[in-house]
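I opened my notebook to look up charged side chains and their partners. Here is what I went through.

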Amino acid sequence: MAASSIGYQIHINVNSPILLPLRTNFSSLSFTFSNAKYPLKWNHIGCPNICALPAVSIMASGSSREMLPPALDSSSEPPAIFDGTPKLYISYSCPYAQRTWIARNCKALQEEIKLVPIDLKNRPDWYKEKVYPANKVPSLEHNNEVKGESMDLIRYIDSNFGGPSLFPDDPSKREFAEELFSYFDSFYKAVISSLKEDKIHDAIAAFDSIETALSKFVDGSFFLGSFSLVDIAYTPFIERFQPFLLEVKNYDITTGRTKLAAWIKEMNQIEGYTVTKRDPKEHLENYKRRFLSQL
């Protein structure tokens, strides 16, 4: 069951004051801000106005943690399929599925899109036969169709459901976002090649590129200044790469990269993301099994 009330996280990185008319009766407000020069004042109940610094991004999130259902395996009965309720089929451990889970959370769609976790090590036959023939996660059941591919799905969720937009209107930011979406595969392959080998020069170059990308816009700590689908696309993978590179390769990806360090810190303030995170030790053990046997 998802939380019944909605809070908003307002991330601020600004230089001048502004009056923000927010008239919705929010159950809670949490603020993250940097470079603050002005006092922050608000009326918590009712929130008729907020005298604050200019908001870079506004994300909706549940005011309490969602009760996560157990993963369905080969012995599990299927949910009611094509009953009109949108369903997001994921695995709790899959970074691609995590992208879509984060997008759902940050748009406060916990009540609208049902989460259906699948046990990938013992997946039920009905998932392939009745839901998604590709037999992969994530997939989204919506409007009597099932769609897949995580990068497509985060865009689809942002465009076809309510909640705050996770993609900017600024043409220059949209253009840069497309560049970063296209760069992801190169980034991923470069880091993975370093995980498989004794040398890590490919990973160093890849994270240097991330540092450069995070330096492009100065109106916030995220890739496009404000939090967006680009951050959602990258964070599940960096979440996994960081502990493995540190523990196994003795390489700290944040050393000498102040923008990346700030980005990781900001991401860890976003509840819609943090509720999807796994224990770093779990990532570490999974990657050790996956990659150390190849060295």
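This is a predicted model: local features need pLDDT of at least 70, side-chain atom pairs count only at pLDDT 80 or more; totals for chains, interfaces and linings use all residues.

Aspartate 219 has 30% relative accessibility, so it counts as partly exposed. I then looked for its partner. Aspartate 219 forms a salt bridge with lysine 173, and their closest N and O atoms are 2.5 Å apart. This pair links distant parts of the chain, 46 residues apart. Aspartate 219 lies in the loop between α5 (201–214) and α6 (229–248), while lysine 173 sits in helix α4 (residues 171–196). Is lysine 173 buried or exposed? I found lysine 173 buried, because its relative accessible area is 9% and the cut-off for buried is under 20%.

Next I checked lysine 87. It forms a salt bridge with aspartate 83, with 2.6 Å between the closest N and O atoms. Lysine 87 is buried at 1% relative accessibility. Aspartate 83 is partly exposed at 44%. I also noted a network here: salt bridges with shared partners join Asp83, Lys87 and Glu141.

Then I turned to glutamate 149. Its salt bridge is with lysine 136, the closest N and O atoms being 3.3 Å apart. Glutamate 149 is partly exposed at 43% relative accessibility. Lysine 136 is partly exposed too, with a relative accessible area of 41%.

Last, I looked up the count. It comes to eleven salt bridges.

Conventions:
Residues are numbered from 1 along each chain as its sequence is written. Side-chain values use heavy atoms; hydrogens and water are left out. A salt bridge is a side-chain nitrogen of Lys or Arg within 4 Å of a carboxyl oxygen of Asp or Glu. Buried means under 20% relative accessible area, exposed over 50%, partly exposed in between (1.4 Å probe, protein chains only). Helices (H or I, at least four residues) and strands (E, at least two) are DSSP runs, numbered from the N terminus.
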